[in-house]
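User: Walk me through how to read the features of this model. Give me the general idea first, then the case here.

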Amino acid sequence: MKINVMQDVLQANDRIAEENKQLFKKNRNLVLNLMSSPGAGKTSLLEQTAGKLAGKLRLGVVVGDIETTRDADRISKFNVPAIQLTTGTACHLDANMVASALPHLQLDKIDVLVVENVGNLVCPAEFVVGEDYKIMILSVTEGDEKPLKYPLMFKESALMLINKIDLLEYTNFNLEEAKANARKINPSIEIIEISCTKGTGLDAWINWLTAHHKKKMDALPHA
Amino acid sequence: MHEMGIAQNILDIALSAANQEGAIKISRINLVAGELRGLVPMQLTFCFSIVAKDTIASGAYLHVEEVPVSGHCNDCSADFTIEEYNYLCPKCGSTRIQVTGGTELRIKDIEIE
């Protein structure tokens with residue numbers, strides 16, 4: 001006997017993501033799901049961001065890695081609350097894993113919560129965790145054809161940061177080609193070139209962050 | 001290996017639908033998967049066979065129907081299939097296109113005994 005099911009496979013995840021989202025709304029948090037391949041500079045970006053946001057917006061971080069708490073340790077040095085999720089074998093964070101971290105954070109004392117996903121260009125793009133925006137980092141040492149090879153992440157991201165821009169001259173990375181490839185998949189993607197080690201472009205990134213924080217706060221009913 | 005988590009979700013949904021019907025066995029699951037999901041059907045069916053072990057879905061055939069990426073042109077209203085991630089309207093060359101298919105991931109139906 002055949003029975004109709006017609007159910008989204010990820011509905012269980014989506015339901016928990018929606019609960020997270022309501023919690024973030026209540027606590028007035030802008031939430032970003034930060035994705036990239038391993039070593040593209042997610043943690044370096046957060047270290048820089050922590051420094052630049054100090055005194056302006058309060059940052060919080062949930063960080064996922066397969067093993068070790070090194071990333072959370074790096075971020076905690078900046079007096080930013082950081083919760084490490086070690087995923088064991090999982091290649092991405094899902095809504096439930098993020099939900100399990102939230103009781104350990106004082107969400108009402110956080111303005112911007114960044115979920116630093118597991119380094120991977122494929123799986124994290126599949127799962128919503130309750131974020132307002134997915135954002136990603138592509139570093140120039142990875143290659144300008146990556147948007148075409150891993151289209152979902154580029155399609156899902158509102159912003160692409162191109163990191164390690166200071167190393168551009170030592171690589172065969174074609175900046176215009178990379179941007180064109182990303183825009184081919186996602187015409188509305190915003191792109192900012194940065195270098196976390198030299199500080200290039202970080203003001204533009206902070207402006208993006210504060211503008212999107214303001215946009216969300218303006219849309220929420222006043223506390 | 002996001003296939004493993006997805007296989008578990010497929011199993012959960014199929015088991016709950018089968019239980020509602022009082023089934024004693026699930027023999028087939030028809031899944032629709034968009035190309036943008038980046039799933040590898042062979043890996044998915046393998047993962048499924050592992051998670052389904054010792055359940056009424058053990059040995060069930062998981063059929064994966066792959067859906068190509070499709071788009072709609074906001075300029076000339078053409079509908080088309082997007083191949084090789086070429087997000088351009090094949091008719092007028094516009095980049096103002098909307099992805100209309102290829103991200104779905106759902107269980108269409110199951111066959112039970």
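Analyst: Start with the nonpolar core: a set of buried Ala, Val, Leu, Ile, Met, Phe, Trp, Tyr and Cys residues joined through C-beta atoms within 7 Å. Buried means that 20 or more other C-beta atoms lie within 10 Å of a residue's own; exposed means 12 or fewer, partly exposed is in between, and C-beta atoms are placed from the backbone. Note that this is a predicted model, in which local features need pLDDT of at least 70, side-chain atom pairs count only at pLDDT 80 or more, and totals for chains, interfaces and linings use all residues. Residues are numbered from 1 along each chain as its sequence is written, while chains are lettered from A and ligands numbered from 1 in the order in which they are written.

User: Which residues have the most contacts inside the largest nonpolar core?

Analyst: A:Val61, A:Val62, A:Val114 and A:Val115, in a core of 69 residues. Strand E2(A) gives the most to this core, with five residues. Another core lies apart from it, with 27 residues, including B:Ala7 and B:Ile112.

User: What is A:Val61 in contact with, leaving aside its neighbours within four places in sequence?

Analyst: A contact needs two C-beta atoms, placed from the backbone, within 7 Å. For A:Val61 the partners are A:Leu46, A:Ile75, A:Val80, A:Ala82, A:Val114 and A:Glu116.

User: Now helices. Which residues of H1(A) are buried?

Analyst: Helices (H or I, at least four residues) and strands (E, at least two) are DSSP runs, numbered from the N terminus. An α-helix has 3.6 residues a turn, so residues three or four places apart point the same way. In H1(A) the buried residues are A:Asn13, A:Ile16, A:Ala17, A:Asn20 and A:Phe24. Seen down the axis, they fall within an arc of 105 degrees, so they line one face of H1(A). The arc is that of the directions from the helix axis to the C-beta atoms. The face turned away carries the exposed A:Arg15, A:Gln22 and A:Lys26.

User: What do the buried residues of H1(A) pack against?

Analyst: Strand E2 (30–36), helix H4 (95–101) and strand E5 (112–116), in chain A. After H1(A) comes A:Arg28, with a positive phi near 55 degrees.

User: How many helices and strands does chain B have?

Analyst: Two helices and six strands, running α-β-α-β-β-β-β-β from the N terminus.

User: Why is chain B called more spread out than a compact globule?

Analyst: Compare the radius of gyration, taken over C-alpha atoms, with the globule rule, 2.2 Å times the number of residues to the power 0.38. Chain B comes to 18 Å, well over the 13 Å that the rule gives for 113 residues, so it is more spread out. Its C-alpha trace spans about 55 × 30 × 15 Å along its principal axes.
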